[in-house]
Amino acid sequence: MAADRRLAIAIAANGTVVAVTVVLMVALAPLFPPPAVADLAGRLGLAARLSVWPALVLLLVILAVVATRGLCRLFNPIDDPETRAYRVCQRALSNTVEQTLVFIPALTGLCALLPLQSLGFPALFTLLFVIGRVLFWVGYVVHPFARAPGMAMTLTVNMAVVGWAVLLAL
């Protein structure tokens, strides 16, 4: 019964985080003025600069996997039994790779296609993506259900970025 209660809390938290993320996208937009880059090269440079932050999060998760492997003395990835800490880091890494693989190309496409007055949004989306990934990772360490808010934020951002880029590409 406790697992059902935790699952219900995680689902409620997911819905709340999705709503909060959408509100943040709207409320924080004025704090992210568009940069003065009108040409395609400048827009692709913007995407490259913004991509550094998700790459940093990904690198930190990779380093956590390496550190956990060393601390837990898991030197043989085939035969050594995996600890909970290692499995958590490994799963956080796997999901972060997947989410980043969606985010970066979609962000690049969005930067290339957005009207000039909307070019502040990619920086906002990048900030929210990074926050979502960190919340996911920390939540996973606490309990698998606690990763839900970070996953919800990341997924909401990815849906916004991909959706907007697809609409502009049509």
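User: In what order do the elements of the protein run from the N terminus on?
Analyst: They run α-α-α-α-α. This is a predicted model, and its secondary structure comes to five helices and zero strands.

User: What does the C-alpha trace span along its principal axes?
Analyst: About 55 × 40 × 30 Å.

User: And how much of the protein is buried?
Analyst: Of the 170 residues, 36% are buried. The protein exposes about 9200 Å², and 75% of that is supplied by carbon and sulfur atoms.

User: What share of the contacts with a separation of 6 or more comes from residues 24 or more positions apart?
Analyst: Those residues account for 79% of such contacts.

User: Let's go through the helices. How many residues does α1 have, and how far does it reach?
Analyst: Helix α1 covers residues 2–27, which is 26 residues. From its first C-alpha to its last it reaches 36 Å, close to the 38 Å expected at 1.5 Å a residue.

User: Which residues of α1 are buried?
Analyst: Ala-10, Val-17, Thr-21 and Met-25.

User: What do those buried residues pack against?
Analyst: They pack against two helices, α4 (121–142) and α5 (148–169).

User: On to α2. What should its residues span, and what do the end atoms give?
Analyst: Helix α2 has 32 residues, so at 1.5 Å a residue it should span 46 Å. Its end C-alpha atoms are 46 Å apart, which agrees.

User: What comes just after α2?
Analyst: Arg-73, which takes a positive phi of about 55°.

User: Back inside α2, what about Arg-43? Which side chain of opposite charge is nearest?
Analyst: Arg-43 lies in helix α2. The nearest side chain of opposite charge is Asp-39, 6.7 Å away. Arg-43 is buried yet has no salt bridge, because a salt bridge needs a side-chain nitrogen of Lys or Arg within 4 Å of a carboxyl oxygen of Asp or Glu.

User: Then what is Arg-43 in contact with?
Analyst: Leaving aside neighbours within four places in sequence, Arg-43 is in contact with Val-37, Ala-38, Cys-111, Ala-112, Leu-113, Leu-114, Pro-115, Leu-116 and Leu-119.

User: How about Arg-49, where is that one?
Analyst: Arg-49 is in helix α2 too. With a relative accessible area of 48%, Arg-49 is partly exposed. Ala-38 is eleven residues apart from Arg-49 in sequence, and the two are 16 Å apart in space, C-alpha to C-alpha.

User: Which residues make the nonpolar surface patch?
Analyst: Val-52, Trp-53, Leu-56, Leu-59, Leu-60, Ile-62, Leu-63 and Val-66 make it, and its area is about 720 Å².

User: Take Val-66 from that list. Where is it found, and is it buried or exposed?
Analyst: Val-66 is found in helix α2, which covers residues 40–71. Val-66 is exposed, because its relative accessible area is 53%.

User: Changing topic: where is Ile-131?
Analyst: Ile-131 is in helix α4. Its relative accessibility is 34%, so Ile-131 counts as partly exposed.

User: How far apart are Ile-131 and Met-153?
Analyst: They are 22 residues apart in sequence and 8.1 Å apart in space, C-alpha to C-alpha.

User: Last one, Trp-164. Which helix, and how does it count for accessibility?
Analyst: Trp-164 is found in helix α5. It counts as partly exposed because its relative accessibility is 25%, while buried means under 20%.

User: What does Trp-164 touch?
Analyst: Not counting residues up to four places away in sequence, Trp-164 touches Leu-110, Leu-114, Ser-118, Phe-121, Phe-125 and Met-159.

User: And how far is Trp-164 from Ala-55?
Analyst: Trp-164 and Ala-55 are 22 Å apart in space, C-alpha to C-alpha, and 109 residues apart in sequence.

Technical notes: Residues are numbered from 1 along each chain as its sequence is written. This is a predicted model: local features need pLDDT of at least 70, side-chain atom pairs count only at pLDDT 80 or more; totals for chains, interfaces and linings use all residues. Side-chain values use heavy atoms; hydrogens and water are left out. Patches are made of residues with over 30% relative accessible area and no salt bridge: like charges are joined within 9 Å, nonpolar side chains (Val, Leu, Ile, Met, Phe, Trp, Tyr) within 5 Å. Accessible areas come from the Shrake-Rupley method with a 1.4 Å probe; for residues, only the protein chains shown count as cover. Helices (H or I, at least four residues) and strands (E, at least two) are DSSP runs, numbered from the N terminus. Buried means under 20% relative accessible area, exposed over 50%, partly exposed in between (1.4 Å probe, protein chains only). The expected span of a helix is 1.5 Å times one less than its number of residues. Contact means heavy atoms within 4.5 Å. Lys and Arg count as positive and Asp and Glu as negative; His and the chain ends are not counted.
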